[in-house]
Amino acid sequence: MNKHKKPANELDHIRNTLTDIVATVGTAARDIKEVQKHQSEHDLRFDKHDLRFDKHDLRFDKHDQRFDEIDKRFDQLELLIRQLIPSN
């Protein structure tokens with residue numbers, strides 16, 4: 001990872017090491033910003049999906065209500081039919 005020539009003295013070695021550390025930190029900071037950007041885009045996409053699913057849930061709730069109403073009507077019809085048929 002050290003791209004520098006052999007250090008002439010200890011101060012050069014420290015300078016080269018610090019330069020490498022700063023470069024690594026800079027790269028890591030850029031990578032983190034890019035990941036955060038992708039995370040934000042990902043969050044927005046999932047928010048859109050959540051909204052779509054909420055709309056589907058509402059539609060399913062309406063269907064459930066309609067089926068419940070139909071079930072009640074069938075129950076009423078069944079009761080009416082039972083009342084009209086003479087018992088044996």
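These legends describe close-up views of a predicted model.

Figure 1. The secondary structure of the chain comes to 1 helix and 0 strands. The radius of gyration is 36 Å, well over the 12 Å that the globule rule gives for 88 residues, so the chain is more spread out than a compact globule. Along the principal axes, the C-alpha atoms fill a box of roughly 115 × 25 × 15 Å. Helix α1 covers residues 10–84.

**Figure 2. Surface and burial of the chain.** Of the 88 residues, 3% are buried. The accessible surface comes to about 8900 Å². Carbon and sulfur atoms account for 59% of that surface. On the charged side, the chain carries 17 positive and 18 negative side chains. The centres of these two sets lie 8 Å apart.

**Figure 3. A patch of negative charge on the surface.** The patch gathers Asp43, Asp47, Asp50, Asp54, Asp57, Asp61, Asp64, Asp68, Glu69, Asp71 and Asp75. One of its members, aspartate 47, lies in helix α1. Is aspartate 47 buried or partly exposed? Aspartate 47 counts as partly exposed, because its relative accessibility is 45%. Aspartate 47 and aspartate 68 are 21 residues apart along the chain. Their C-alpha atoms are separated by 31 Å.

**Figure 4. A nonpolar surface patch.** Phe67, Ile70, Phe74, Leu77, Leu80, Ile81, Leu84 and Ile85 make this patch. Its area is about 820 Å². Where is isoleucine 85 found? Isoleucine 85 belongs to the segment after α1. With a relative accessible area of 52%, isoleucine 85 is exposed. The cut-off matters here: exposed means over 50% relative accessible area.

**Figure 5. The salt bridge of aspartate 12 and arginine 15.** Side chains of opposite charge can pair when their charged atoms come close. A search of the whole structure finds 2 salt bridges. One of them joins aspartate 12 to arginine 15. The closest N and O atoms of this pair are 2.8 Å apart. How are the two residues spaced in helix α1? They are 3 residues apart in helix α1, so about one helical turn separates them.

**Figure 6. The salt bridge of glutamate 78 and arginine 82.** Glutamate 78 forms a salt bridge with arginine 82. Here the closest N and O atoms are 3.1 Å apart. Both residues lie in helix α1. They are 4 residues apart, about one turn of the helix. Glutamate 78 counts as partly exposed, because its relative accessibility is 39%. Arginine 82 counts as exposed, at 59% relative accessibility.

**Figure 7. Threonine 17 and leucine 58.** Threonine 17 lies in helix α1. At 31% relative accessibility, threonine 17 counts as partly exposed. How many residues apart in sequence are threonine 17 and leucine 58? The two are 41 residues apart in sequence. In space they are 60 Å apart, C-alpha to C-alpha.

Terms used
Residues numbered from 1 in each chain as written. Predicted model: local features only at pLDDT ≥ 70, side-chain atom pairs only at ≥ 80, totals over all residues. Heavy atoms only, no water. Patch = residues over 30% accessible without salt bridge, like charges linked within 9 Å, V, L, I, M, F, W, Y side chains within 5 Å. Areas by Shrake-Rupley, 256 points an atom, 1.4 Å probe, with all protein chains shown as cover. Salt bridge = Lys/Arg side-chain N within 4 Å of Asp/Glu carboxyl O. Lys, Arg positive; Asp, Glu negative; His and termini not counted. Charge placed at Lys NZ, Arg CZ, Asp CG, Glu CD. Buried < 20%, exposed > 50% of the residue type's maximum accessible area, 1.4 Å probe, protein only. Rg over C-alpha atoms; globule rule 2.2 N^0.38 Å.
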